[in-house]
Amino acid sequence: MAVERMDTERLILRKPIPEDWELFRAFTMSERSQYIRDEMPDLGKAWRMFATEFGHWEIRGWGMFTVTLKGDDTALGMVGPWYPEDWPETEIGWLMFEGGEGKGFAFEAAHATITHAWRDLGWTEMVSYIDPENVRSYRLAERLGATLDPNAERVDPEDLVYRHPKPEGLQ
Amino acid sequence: MIDIPTITTERLTLRAPSASDFDAYAAFRGSDRAAILGGPYSREQAFDQLSAILGHWVLRGYGRWMIADKFTDVPLGIAGPFFPEGWPEPEIAWSVFENAEGKGIAYEAAMASRGYAYEVLGWDTAISLITSKNHRSIKLAERMGAKPDGLFDHPDYGNTHPQFGDLHVYRHPSPEEIS
């Protein structure tokens with residue numbers, strides 16, 4: 001069953017809203033987004049990437065959450081389940097905006113969405129596709145307990161595939 | 001979930017795009033027909049693009065429909081009011097898949113889309129942006145009574161769209177002019 005909002009110790013994870021656009025745009029049209037796109041997007045492309053996040057929710061009924069602090073609805077990043085058609089496996093993705101880095105928010109949000117995907121969405125597999133040069137991202141995957149799966153299928157042959165273990169006790 | 005209205009015309013249904021349309025949409029986006037639209041695109045990109053069509057509805061409250069055969073529901077193309085960031089003003093957009101070419105389907109869908117924009121959304125003007133290489137679309141715009149109105153122009157990008165290059169503005173007749 002999909003969930004549109006989750007609370008963690010410090011954070012509220014919620015379905016994206018149109019007001020997240022300005023911070024998404026600032027992220028996407030900066031060097032911070034270099035590992036999730038081929039080239040620097042123009043304004044229209046950045047907006048379509050934003051629209052894609054909403055469309056994923058429409059098509060699947062679930063998608064990546066906007067990460068916010070409790071008591072402050074400002075978007076800090078987007079984290080959570082992601083499964084475009086033809087993706088080899090269901091993915092947990094994360095992208096943190098400028099103000100959201102270095103405080104353990106990505107870990108806290110990713111951890112919550114991992115539990116959500118196993119428990120509420122009934123996933124049977126879970127990976128994260130990560131650019132090999134994105135050191136902060138694969139370190140996060142490792143902190144979350146994921147391990148490299150060199151044999152896993154991947155869309156981009158350059159990507160690392162980190163596989164998340166299914167916690168015991170979850171059906 | 002958002003509520004996307006359905007429109008019917010003589011032969012067509014304009015309805016919400018769905019996951020079941022994906023193969024037909026991806027085939028179109030992956031074909032040479034998409035070359036004038038910045039493609040061809042991979043299936044992965046096509047899924048993002050289909051998602052973005054739905055996201056446009058969420059963000060703007062209107063957007064493009066899947067054009068489907070009224071009787072079989074076979075997907076035939078995409079049409080509707082379209083206004084992404086970076087666009088000079090809202091437009092009426094259309095593209096039809098290979099199985100719909102040459103039957104007046106794009107015309108029927110585009111006319112219904114323009115009617116919706118004027119009558120339901122209350123637009124008092126509408127454009128369509130078309131690359132000079134897209135002769136069929138230019139002919140269709142002219143058939144709808146639209147007239148050339150200069151080049152794409154945007155404060156950030158000037159006259160050359162960063163993704164689509166030279167785009168010609170076709171201005172549709174106003175609601176008063178067609179009433």
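This is a predicted model: local features need pLDDT of at least 70, side-chain atom pairs count only at pLDDT 80 or more; totals for chains, interfaces and linings use all residues.
View 1. Pro41(A) is 16 residues from Arg25(A) in sequence, and the two C-alpha atoms are 9.6 Å apart in space. Residues are numbered from 1 along each chain as its sequence is written, and chains are lettered from A in the order in which they are written. Local features need pLDDT of at least 70 and side-chain atom pairs count only at pLDDT 80 or more, whereas totals for chains, interfaces and linings use all residues.

**View 2. The side of chain B that touches chain A.** Here 24 residues of chain B are in contact with 19 residues of chain A, a contact being a pair of residues whose C-beta atoms, placed from the backbone, lie within 7 Å. Helix 2 of chain B (residues 43-60) supplies the largest share of this side, with 13 residues. By residue class, the side of chain B that touches chain A divides into 14 nonpolar, five polar and five charged residues, where Ala, Val, Leu, Ile, Met, Phe, Trp, Tyr, Cys and Pro count as nonpolar, Asp, Glu, Lys and Arg as charged, and the others, Gly among them, as polar.

**View 3. The buried face of helix 4 of chain B.** Ser137(B), Leu140(B) and Ala141(B) are buried in this helix, which spans residues 135-143. Seen down the helix axis, the buried residues of helix 4 of chain B fall within an arc of 100°, so they line one face of the helix; the arc is that of the directions from the helix axis to the C-beta atoms. An α-helix has 3.6 residues a turn, so residues three or four places apart point the same way. The packing partners of these buried residues are helix 3 (105-119), strand 6 (127-131) and strand 9 (165-171) of chain B.

**View 4. The opposite face and the end of helix 4 of chain B.** Turned away from the buried side of helix 4 of chain B is a face that carries the exposed residues His135(B) and Glu142(B). Gly145(B), with a positive phi near 90°, follows the helix.

Definitions and conventions. Two residues are in contact if their C-beta atoms, placed from the backbone, lie within 7 Å. Helices (H or I, at least four residues) and strands (E, at least two) are DSSP runs, numbered from the N terminus. A residue is buried if 20 or more other C-beta atoms lie within 10 Å of its own, exposed if 12 or fewer, and partly exposed in between; C-beta atoms are placed from the backbone.
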